[in-house]
Amino acid sequence: YTLEDELKKVLYGEEKVKTFKDLKEEVIETGKCGSCLGCVTFCSAGQLNALTVREDTPDFLDEDKCLECGICYLICPNINLLDSIQRKQMGWIPPIGTYIYLSSSRSENDKVRALATDGGVVTSLLHHMLDHHIIDGALVSKGLNPFSREPFFATTFEDLLSATGFGAHVSGGMKELERYSTYPRTLVGLRSSVPSDMTRIAVVGTPCQINTIRKMQLLKIIPAHIIKYTIGLFCIGTFSFYGKKRESLEETTGIPLQEIAKMNIKEDLRITTKDGETHRIPLEKLERFLRPPCRYCTDFSNEFADISVGGLGSPDGYTTVLLREPSFKKIYDNAIREGYLAERDIKNAGNIIRKIIDLTEYKKKKSQAYDGEADETNSEE
């Protein structure tokens, strides 16, 4: 009995695979939909226009054209039918997944460090991979302002620099938008941003995005075959600032939005203003700003990525790195040997892992508190 047998049982077993109609009932109508739009983007009836997006939410355009293949249902990050197969395939170990190496490092490039939220490790690692033709490009996210990001496909070091950090350096500054969200639609970028001739790409994403990509790879859904490497971000959740929530954010932090230059999350939210001052906001005060689906997520450390990164556990100017995939460890070691990255000595590795586990448990407890309850915040002010 193999994992392939188990997958076939899920796909072709006695129970009929559920469809978008079920996805609407179980995820969208319960307020758990994260609007990643993977279901719409990779719909097998895409050319038939079976699905559409209405007010940021997936919906039927023509239900009669649905092929009822179940792809949309299976790849949704809020559906767990494939979770046990994924975990067995990756040798997953609780509570934060498998990892083979822990590091605290930073970019050795002054330009990268000047723009980076933490140590600029992701930017310089991708720079190394591009320089050595390990990848053709990287799907990342570019900041429009401190509260809004969009998918961006980078093929040069200059491209990577333009996407580095939280985005305050991007021209245009704070725009008067009706909707701010720190969640980038990376999955949509797989269809809209990546050139068709690319055969080897890396993707940088949140836990829900990497989870969906792993499901696509398991099911061999195009274009998952071109994704050779996944870089996962530590994620306590992404935030939305719609309508009165923007005013509420100013009241909570005591900082006018137009004065925010950079935001970063470690054990708390750290806001750096344009005058260089850093303000620390406890995570408990941010719950009202979490995007509704993030309240149900239990993955902080990006358990299914090849490498997981974030500022938690490292001093300012450095990035904590959890290497999970042996082949990526070789790439990382070469980036250090060739001067793209530099490591610092870690004397408190156990404390760093404990912090990662603590935030994982924090997310799980919050998820349990919300699970099964009607999400009244799903209708934004």
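I began with helix H1 (residues 3-12) and helix H5 (residues 83-90), whose axes come within 10 Å and cross at roughly 170 degrees. I keep in mind throughout that this is a predicted model. Since angles over 145 degrees count as roughly antiparallel, I put H1 down as roughly antiparallel to H5. I then listed who makes the contact: Leu3, Glu6, Leu7 and Val10 come from H1, while Ser84, Ile85, Lys88 and Gln89 come from H5. Sorted by class, I find 4 nonpolar, 2 polar and 2 charged residues in this contact of H1 with H5.

Next I looked up Thr320, which I located in strand E14 (residues 319-323). Is Thr320 buried or exposed? I recorded Thr320 as buried, because its relative accessibility is 0% and the cut-off for buried is under 20%. I also noted a polar contact between the side chains of Thr320 and Ser314, at 2.6 Å. Setting aside neighbours within four places in sequence, I found Thr320 in contact with residues including Leu102, Ser103, Phe234 and Ile352, as well as with Ser308, Val309, Gly310, Gly311, Leu312, Gly313 and Ser314.

Last, I traced an open sheet of 3 strands, which are ordered E10-E11-E12 with antiparallel pairing. I marked strand E10 (260-265) and strand E12 (278-281) as the edge strands, each pairing on one side only. From one strand to the next, I read an average twist of 20 degrees. For the antiparallel pair of strand E11 (residues 269-273) and E12, I noted 4 bridges, and I looked up Thr272, whose bridge partner in E12 is Thr278.

Conventions. Residues are numbered from 1 along each chain as its sequence is written. This is a predicted model: local features need pLDDT of at least 70, side-chain atom pairs count only at pLDDT 80 or more; totals for chains, interfaces and linings use all residues. Side-chain values use heavy atoms; hydrogens and water are left out. Axes are lines fitted to C-alpha atoms, for helices over the stretch in contact, and angles run from 0 to 180 degrees between N-to-C directions. Helices (H or I, at least four residues) and strands (E, at least two) are DSSP runs, numbered from the N terminus. Angles under 35 degrees count as roughly parallel, over 145 as roughly antiparallel, 65 to 115 as roughly perpendicular and the rest as oblique. Contact means heavy atoms within 4.5 Å. Ala, Val, Leu, Ile, Met, Phe, Trp, Tyr, Cys and Pro count as nonpolar, Asp, Glu, Lys and Arg as charged, and the others, Gly among them, as polar. Buried means under 20% relative accessible area, exposed over 50%, partly exposed in between (1.4 Å probe, protein chains only). A polar contact is a pair of N or O atoms within 3.5 Å; within protein, one must be able to donate a hydrogen and the other to accept it, and residues adjacent in sequence count only if both atoms are side-chain atoms. Two strands pair if DSSP finds at least two bridges between them.
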